[in-house]
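Subject: Structure handover

Hi,

Here is the structure for you to pick up. Please open it alongside this message; my notes follow below.

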Amino acid sequence: MRDSPGNERIGSLELIAGCMYSGKSEELIRRLRRALIGRQRVQVFKAAIDDRYSAVDVVSHDGQRLSALPVRNADEAWHRSDGGADVIAVDEAQFFDAALVDVCEELAHRGHRVIAAGLDLDFRGEPFGPMPMLMARADSLTKLTAVCAVCGAPTATRTQRLVGGLPASYSAPLIAVGATDMYEARCRAHHEVPGRPRPHAPWQAMMQAAATPSTTG
Ligand code: ADP
Ligand code: TMP
Ligand code: MG
C-alpha cells in the first residue's frame with residue numbers, strides 16, 4: 001500500500017489466476033513473503049472448504065506454506081478483515097460467493113493491497129465462481145499455466161478431473177476438494193469433458209438460415 005501526496009493510502013486489487021498446479025499459491029506466497037520482508041502487515045484468508053494439506057495454512061503443491069485464516073464466505077472475510085493490514089490476501093477465491101467481488105473492491109478502495117488467487121476455470125472448462133468478475137475488476141492480472149500431464153507442453157490452462165482414472169463427466173458436482181488423487185493439468189487439446197455441450201456453434205445458425213427457403217421476393 002502506497003501513500004499518496006495527501007497521505008491517503010492507495011489500494012489495489014491483484015489477481016492470480018490459472019489451472020491447478022500452475023503456481024498460484026506459490027506466487028501468492030512469494031508476494032506475501034516479500035511484503036513481510038518489507039515489514040508490511042499481512043492478513044491471509046483461505047476458503048475453509050479447502051483443507052487438503054492444512055486446515056489453516058495456505059499450502060502449495062510443492063509444500064511451501066504460510067499461515068492463514070480459514071473463512072467460510074465473503075461475509076466472514078469482510079467481518080474479520082484487519083483495517084490495519086497493508087496487504088490482504090485470499091487463496092482459493094473460486095470457492096467464495098459473488099460477494100467476494102464487492103469485499104475485495106471495498107478493501108482496495110479503503111487503501112489495502114488486495115491479492116486474490118484462484119482457479120479461473122472449473123473441471124468443465126467453465127468460469128469458476130467470482131473469478132471472472134474479480135479478473136475484470138483487477139488492477140493487475142497474472143494468468144499462469146502448468147505443464148500438460150498428457151503432452152508435456154508448458155501451456156496447460158485447464159484442469160482435468162479424473163474419476164477412477166477416467167475423465168469426469170460434465171454433470172459431476174462442481175466442488176470436489178482434492179489434488180493429484182483426482183486432478184491433473186492439461187492443455188486445451190487434451191482436456192476432456194464427456195457430455196459437455198458445445199459452447200459455441202455459430203455455424204449451426206448460419207447453416208440453418210442458408211437451408212431455410214427465403215419467404216421474400
Ligand atoms: P496452484 O495453487 O496453482 O494449484 P501451487 O502453487 O500449489 O499451484 O503448486 C505449483 C507447483 O506444483 C509447481 O511448482 C510444481 O512443483 C508442482 N506441479 C505439480 N504438477 C505440475 C504441473 N503439471 N505443472 C506445473 N507444476 C506442477
Ligand atoms: P489449487 O488450484 O490450489 O490446486 O486448488 C484447487 C482446489 O479446487 C482443489 O481442492 C480442487 C478443487 N476443484 C474443485 O472443487 N472443482 C473443480 O472443478 C476444480 C478444477 C478444482
Ligand atoms: Mg493453490
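Where is E92 found? E92 sits in the loop between β8 and α3. Keep in mind that this is a predicted model.

Most residues other than glycine have a negative phi. E92 is also buried, because 24 other C-beta atoms lie within 10 Å.

Is R39 buried or exposed? R39 is exposed, since it has 7 other C-beta atoms within 10 Å; the cut-off for exposed is 12 or fewer.

Now the overall picture. The chain has 217 residues, and 37% of them are buried. It holds five helices and 13 strands. The C-alpha trace spans about 70 × 50 × 30 Å along its principal axes. Among contacts with a separation of 6 or more, 73% come from residues 24 or more positions apart.

Next, the sheet. Six strands form an open sheet, and the pairing is parallel. The order is β7-β4-β8-β9-β3-β10. β7 (69–71) and β10 (140–144) are the edge strands, each pairing on one side only. From one strand to the next, the twist averages 20°. Strand β3 (residues 12–18) is joined to β10 by five bridges. In that part of the sheet, I16 stands opposite T142 in β10.

Which strands does α1 lie across? They are β3, β4 (42–47), β8 (87–91), β9 (113–119) and β10. The helix runs at about 165° to β9.

On to the core. In soluble globular proteins, nonpolar side chains tend to be buried together. Here the largest nonpolar core has 49 residues. A89, C104 and A116 touch the most other members. Helix α3 (residues 99–109) gives the most to this core, with six residues. What is A116 in contact with, leaving aside neighbours within four places in sequence? The partners are L15, V90, A93, C104 and L134.

Ligand 1 is surrounded by 15 residues. The closest are K24, S25, E26, S60 and A146. Helix α1 (residues 24–37) supplies the largest share of this shell, three residues. By class, the shell around ligand 1 has six nonpolar, six polar and three charged residues.

Ligand 2 also has 15 residues around it. M20, D122, F123, T159 and V177 are the closest. How does the shell around ligand 2 divide by class, or what are its nonpolar, polar and charged counts? It divides into eight nonpolar, three polar and four charged residues.

P197 counts as exposed because it has 8 C-beta neighbours inside 10 Å. P197 and A172 are 25 residues apart along the chain, and their C-alpha atoms are separated by 14 Å.

Best wishes

Note on methods: Residues are numbered from 1 along each chain as its sequence is written. Chains are lettered from A and ligands numbered from 1 in the order in which they are written. This is a predicted model: local features need pLDDT of at least 70, side-chain atom pairs count only at pLDDT 80 or more; totals for chains, interfaces and linings use all residues. A residue is near a molecule or strand if its C-beta atom, placed from the backbone, lies within 6 Å of it. Ala, Val, Leu, Ile, Met, Phe, Trp, Tyr, Cys and Pro count as nonpolar, Asp, Glu, Lys and Arg as charged, and the others, Gly among them, as polar. Helices (H or I, at least four residues) and strands (E, at least two) are DSSP runs, numbered from the N terminus. Two strands pair if DSSP finds at least two bridges between them. Axes are lines fitted to C-alpha atoms, for helices over the stretch in contact, and angles run from 0 to 180 degrees between N-to-C directions. Two residues are in contact if their C-beta atoms, placed from the backbone, lie within 7 Å. A nonpolar core is a set of buried Ala, Val, Leu, Ile, Met, Phe, Trp, Tyr and Cys residues joined through C-beta atoms within 7 Å. A residue is buried if 20 or more other C-beta atoms lie within 10 Å of its own, exposed if 12 or fewer, and partly exposed in between; C-beta atoms are placed from the backbone.
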